[in-house]
Amino acid sequence: MTETTKTPVPDAVPTPTPALRGLIPLPAAAARALLLGGGIATAASAFLAWTWTAEFPGDLTINGYPGGLQWLTFTAGVLTALFALASYGIRGLGWLLPARNNAPLALTALGGFTVTWFTVIAISAKLGGVVNLEPGGWIAAIASLLPVLGAFALPQERTGTDGTKEAIKAYIAKPDRIPAAQAIAPWIQRAVITVVTIIGLGVFTYGIDTEYGELFIGYLLVVTFAMWAVHTAGLMDRFSALVAANRSFTLAMGFAAAIAFPFTQTDDHYANIGVNILIFGTVALGLNIVVGLAGLLDLGYVAFLGVGAYTAALVSGSEFSTISGVHLPFWASALAGAAASLVFGVLIGAPTLRLRGDYLAIVTLGFGEIFRIAVNNMDGDSGPDVTNGPNGIANIPDLNFFGFNFGQAHDIGGFTLGRFANYYLLMVLIMAIVVLVYTRAADSRIGRSWIAIREDETAATAMGINGFRVKLVAFALGAALAGLAGTVSAHVTYSVVPTPYQFAGSTPPNSAFLLAAVVLGGMGTVAGPLLGAALLYLLPEKLVFLQDKSLLAFGIALILLMRFRPEGIIANRRRQLEFHETGQLDVPKQTTLTDEPAVTKAGA
């Protein structure tokens, strides 16, 4: 009797993968040629005259010499051409596209298109019609459209098929498992970090030095699309791996770039912008402890900045101080301001931190308003004479360290540092202290407790964490950091008045501004609040027409951010995984305890 055998039936019949196509029906070769040629033409068009009159800022009337916004068009065109050449597999440019996708090509092309067409429209609007455009302006507009057509004719697949992104993720997760042939020498890693730091300093300096609103808007457009392209290309992942392997060196280079900034400035006004960004960035970093790590929504945080500022003003030796005859050195006034803010943080937090969510937010909002109203009424008529009421405390003297007067210009190595540059360097030192405190606290046992409270307070309490004590420590530490920054702010501005210390307003500082900086930059990170503070301070400073509409602009920005990147510009990895489902983010596949791929039913 013969035994019948059954022919195995495959689990699934493979279906042919359809060819990927772009949005525009063009052959891939023609699309890439259009992209490369359009990028080169866009860069070349910057050397033509775009208008006939110099009334439009930047002087775009000279053939052969770009000016103003034309340099941004040139930069965007060069970036487009470089990514296009990398897509051809040109030797030496393959590192530009580690993810092997076409999204960076489309984004750089869009960057050139938006900044060029913005300039053309701005010229027409400011000068009274398109008749004010020279032939060069029309050529630039058409040239910037060509790479967009070429980019959208290519398939916009998410990742390549060569496993490049998987290799990047493996390098980030377990760099010791990368073969020696793929390892990068330590000196090359540090050289790359140094070059990126120099480029970052140059980009930041250019943004601060922009002299008019149109140039700053063009700068934002180019930087936004360029950074987006770099991210989608996979370069951010590779750089993150380098930073993770060289944290101390990266931090040192960051502070070296910060110290170098005032030496790049010839106008002390831009150093003033820099010192204010550092002050508000320091306060935002303190708020990041409360909001980003501990998960406590504080809507009156700017009051702690005010407590530090008023404390320093009272003991600074000002003739308008109600504490006559007291003139403490700066280190003593800084400690006094931080200690006063810490005490206020404990006094406010002790009775309120048993509340959660919206109830805590309402109470902290009330505290912020109480502080502003209280210092406004301490004028000797409505209340005790402590703060001089609405007039505040004026004529706060400049700091003096061992004969170094911060109010005077000093020549160092052939560079002249003005008053604001001196205070900027002082704030860099204070920022280093604050970053050290923040990172040490976040990585400590109390920092783990903050994160546990943020994720689930009930579960954390069940595991033995004293939720009230942990939250009170976060509240007090965040308040102390804000008070420390407030002591410098009082000397920089020469006076302290109650008006700025409110929940919302057209100019910083205010609680809404600080909270927006933390959320925009990225909660739970060090660089995020600093970047958010820089952006939100520069926008009202550079775009004067937004002064009365700053809250509307902040609201729109936050809505867009919550929609497209809820974890913030600089994302904390844990929060990034919380906000995105698997498949939307590059999350490694599930593995077993032995780090081997989990066996599925189909393969069992």
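Trainee: Is Arg454 buried or exposed?
Mentor: This is a predicted model, and the values are computed from it. Buried means under 20% relative accessible area. Arg454 has a relative accessible area of 16%, so Arg454 is buried.

Trainee: Which residue does the side chain of Arg454 meet in a salt bridge?
Mentor: The N to O distance of the pair is 2.6 Å, and a salt bridge needs these atoms within 4 Å.

Trainee: Where do Arg372 and Glu369 lie?
Mentor: The closest N and O atoms of this salt bridge are 2.6 Å apart. Arg372 counts as partly exposed at 26% relative accessibility, and Glu369 counts as partly exposed at 25%. The two residues are 3 apart, about one turn of the helix, and both lie in helix H13.

Trainee: Why can residues three or four places apart in an α-helix point the same way?
Mentor: The answer is in the geometry of the helix. Residues three or four places apart point the same way because an α-helix has 3.6 residues a turn.

Trainee: How many residues apart in sequence are the parts that Asp398 and Arg419 tie together?
Mentor: Asp398 is partly exposed at 23% relative accessibility, while Arg419 is buried at 9%. Their salt bridge has its closest N and O atoms 2.9 Å apart. Asp398 lies in the loop between H13 and strand S1, and Arg419 in helix H14, so the pair ties together parts whose separation in sequence is 21 residues.

Trainee: Which backbone oxygen does the side chain of Thr51 reach?
Mentor: Thr51 lies in the loop between H1 and H2 and is buried, with a relative accessible area of 1%. Leaving out residues up to four places away in sequence, Thr51 touches several residues, including Leu60, Ile123 and Leu127. At 2.8 Å, its side chain reaches the backbone oxygen of Asn132.

Trainee: Which backbone oxygen does the side chain of Asn101 reach?
Mentor: Asn101 is found in the loop between H2 and H3. Asn101 is buried, with a relative accessible area of 4%. At 3.2 Å, the side chain of Asn101 reaches the backbone oxygen of Thr232.

Trainee: How far apart are the end C-alpha atoms of H2?
Mentor: H2 has 19 residues, and at 1.5 Å a residue they should span 27 Å. The value in the model agrees with that expectation. The end C-alpha atoms of H2 are 28 Å apart.

Trainee: Which helices do the buried residues of H2 pack against?
Mentor: The buried residues of H2 include Leu69, Leu72, Ala76, Phe83 and Ala86. After H2 comes Gly89, with a positive phi near 80°. The buried residues of H2 pack against H1, H3, H4, H6 and helix H7.

Trainee: Which helices do the buried residues of H4 pack against?
Mentor: Helix H4 has 18 residues and reaches 27 Å from its first C-alpha to its last, close to the 26 Å expected. Among its buried residues are Gly136, Gly137, Ala140, Ser144 and Pro147. The buried residues of H4 pack against helix H1, helix H2 and helix H3.

Trainee: Is Trp187 buried or exposed?
Mentor: Trp187 lies in helix H6. With Ile184, Ile188, Val192 and Val196, Trp187 forms a nonpolar patch on the surface, with about 440 Å² of accessible area together. The relative accessibility of Trp187 is 63%, and exposed means over 50%, so Trp187 counts as exposed.

Trainee: What percentage of the residues in the chain is buried?
Mentor: The chain has 21 helices and 4 strands. Its accessible surface comes to about 30000 Å², of which 66% belongs to carbon and sulfur atoms. Of the 604 residues in the chain, the buried ones make up 45%.

Trainee: Among contacts between residues at least 6 apart in sequence, what percentage joins residues at least 24 apart?
Mentor: Contact here means heavy atoms within 4.5 Å. Among the contacts in question, the percentage that joins residues at least 24 apart is 75%.

Terms used
Residues numbered from 1 in each chain as written. Predicted model: local features only at pLDDT ≥ 70, side-chain atom pairs only at ≥ 80, totals over all residues. Heavy atoms only, no water. Patch = residues over 30% accessible without salt bridge, like charges linked within 9 Å, V, L, I, M, F, W, Y side chains within 5 Å. Areas by Shrake-Rupley, 256 points an atom, 1.4 Å probe, with all protein chains shown as cover. Buried < 20%, exposed > 50% of the residue type's maximum accessible area, 1.4 Å probe, protein only. Expected span 1.5 Å × (residues − 1). Polar contact = N/O pair within 3.5 Å; in protein donor to acceptor, adjacent residues only side chain to side chain.
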